[in-house]
Amino acid sequence: LNVTLANIPTTIFTVMSSLAVEHNSVNLGQGFPDDEGPDAMKKIAGEALMQFHNQYPPMMGIPELRQAVAKHSEREQGIPVDWASEVLITVGATEGIAAAFLGLINPGDEVIFLDPCYDSYATMAKMAGAVVKPVKLSLPDFKLPREELAAAFSPSTKLILLNSPHNPSGKVFDIEELKFIADLCIKHDVLVLSDEVYEHLVFGNQKHISIRSLSGMKERTLRLGSAGKTFSFTSWKVGWMTGPAVILAPITKAHQFMVFTVASSLQRAVAHGLDNEKDFYRSLGLSLERKRSLLEPRLQALGFKTVPTYGAYFVMADISNFLREGETDEMFAKRLTIEAGVTTIPISGFYLSPNPPKHLVRFCFCKEDAKLHAACDRLESYF
Ligand code: PMP
Ligand code: GLN
């Protein structure tokens, strides 16, 4: 079939999760938590279904949820938001990302991405006609390469995508890095699509700072959140975007023709969660820190070099000690699933630049303790 998308590979998450099922492997690959969010939210969603909240809700989202998102923005990041014109409810952050590119990009506009990055970004940007400009974060600890980033801006740059806390590395960008990016965006009049789905998943004395909260950035930043991450309900696919009304308006046009709206029962439950389940999302960091400390020392003892990061639920591991002659990260990850019974995500597919590193895999640790222990036991007997 002569269509561009036919040549795009199936996402690595699907590839590795299917292989994990096939080989009965402990799946520390795809990021989804074993511990689900508050029962009260499930109950509200169920009751809403039974109370006839089953017809098209408003296109931008139900007022209760848009109000809850606006309050959450002000409460957690000190960013005031007008709920009626500056909040869009989306089908997960994924739809928000797609709608932002489709709504904002004119063919030929350049978009800057920091490599490695989540796999939906660049393909969606290209579908909207963007020219992709990747800038590699510096290894081993994913530092912002300031000179390379400054050099990537051009008169055609429309937007930069920033993801902090960062998937796949777990890095939380610090205030100096955020200010550096913000200054470049102001200087070159560039928009920021700020993917903050892991905003509450930080630990080890780190603090998540939204780039939208910095001086001069509110008017040029779109901020994304997700109930999948904030409440550990990844199947619900409820997300939110906040941003200036004039920038949100064209994005809303893309949203109205892609999906029009989002299940109202789930919107009701998420509104309740943002307003009333602060203890849940504020405790996620501590529980993730404990889980990371179950996994990381055992990986290190085996010979994986890990990068100390304090956000999201991923630990990056250098597999150089284990790679066989000519073996790539993807081949290694498949071998580990099939032969050791432990699944990870190889990272080279998260790179847009040529010559990606092929010595990194990502372990996800938002899993039951028993699974983390079982994975380490299996790795210890395999290596
Ligand atoms: N952005 C990042 C960085 C992610 O890791 C994910 C993971 N699913 C998403 C966006 C998508 O979020 P959602 O499930 O709400 O669509
Ligand atoms: N965000 C999750 C991850 O990075 C899952 C993404 C997906 O399955 N599309 O693992």
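**Strands, loops and ligand shells in a predicted model**

In this predicted model, strand E6 (residues 191-195) lines up with E5 in the parallel sense, and five bridges hold the pairing.

Asp-115 and Pro-116 are joined by a cis bond with omega near -5 degrees, and Pro-116 sits in the loop between E3 and helix H5 (120-127). The bond between Ser-164 and Pro-165 is cis as well, with omega about -10 degrees. Pro-165 belongs to the loop that runs between E5 and helix H7 (175-188).

Elsewhere, an open sheet is built from four strands in the order E9-E10-E13-E12, with antiparallel pairing. Strand E9 (305-306) and strand E12 (345-346) are at the edges with a single partner strand each, so one side of each has no neighbour in the sheet. For E12, two antiparallel bridges make the link to strand E13 (residues 360-364); in one of the pairs, Ile-345 has Arg-362 of E13 as its bridge partner.

Phe-52 has a positive phi, near 65 degrees, despite being a residue other than glycine. Its place is the loop between helix H2 (39-50) and helix H3 (63-77), where Phe-52 is exposed, with 7 other C-beta atoms within 10 Å. Phe-260 is not a glycine either, yet its phi is positive at about 65 degrees. This residue lies in the loop from helix H9 (245-258) to helix H10 (264-276). Phe-260 has 12 other C-beta atoms within 10 Å; since 12 or fewer counts as exposed, Phe-260 is exposed.

Turning to the ligands, ligand 1 has 13 residues around it, and those that come nearest are Gly-92, Ala-93, Thr-94, Asn-167 and Ser-226. Helix H4 (residues 92-104) supplies the largest share of this shell, namely three residues. Sorted by class, the shell around ligand 1 holds eight polar, three nonpolar and two charged residues. Around ligand 2 are Thr-11, Phe-13, Gln-30, Gly-31 and Asn-167. That shell is made up of four polar residues and one nonpolar residue, with no charged ones.

As for the chain as a whole, it counts 13 helices and 13 strands. Its radius of gyration is 20 Å, close to the 21 Å that the globule rule gives for 383 residues, so the chain is as compact as a globular protein of that length. Along the principal axes, the C-alpha atoms fill a box of roughly 55 × 50 × 50 Å, and buried residues account for 47% of the 383 residues. An unreviewed UniProt entry places "domain: Aminotransferase class I/classII large" at residues 26-379. That stretch is 42% helix and 16% strand, and its end C-alpha atoms are 11 Å apart.

On confidence, the protein chain has a mean pLDDT of 97, with 100% of its residues at 70 or more. The model scores come to ipTM 0.98 and pTM 0.97.

Definitions and conventions
Residues numbered from 1 in each chain as written. Chains lettered and ligands numbered in written order. Predicted model: local features only at pLDDT ≥ 70, side-chain atom pairs only at ≥ 80, totals over all residues. Pairing = 2+ DSSP bridges. pLDDT = per-residue confidence, 0-100. Near = placed C-beta within 6 Å. Nonpolar A, V, L, I, M, F, W, Y, C, P; charged D, E, K, R; others polar. UniProt positions renumbered as here; feature names shortened; annotations may be inferred. Rg over C-alpha atoms; globule rule 2.2 N^0.38 Å. Buried ≥ 20, exposed ≤ 12 C-beta atoms within 10 Å, placed from the backbone.
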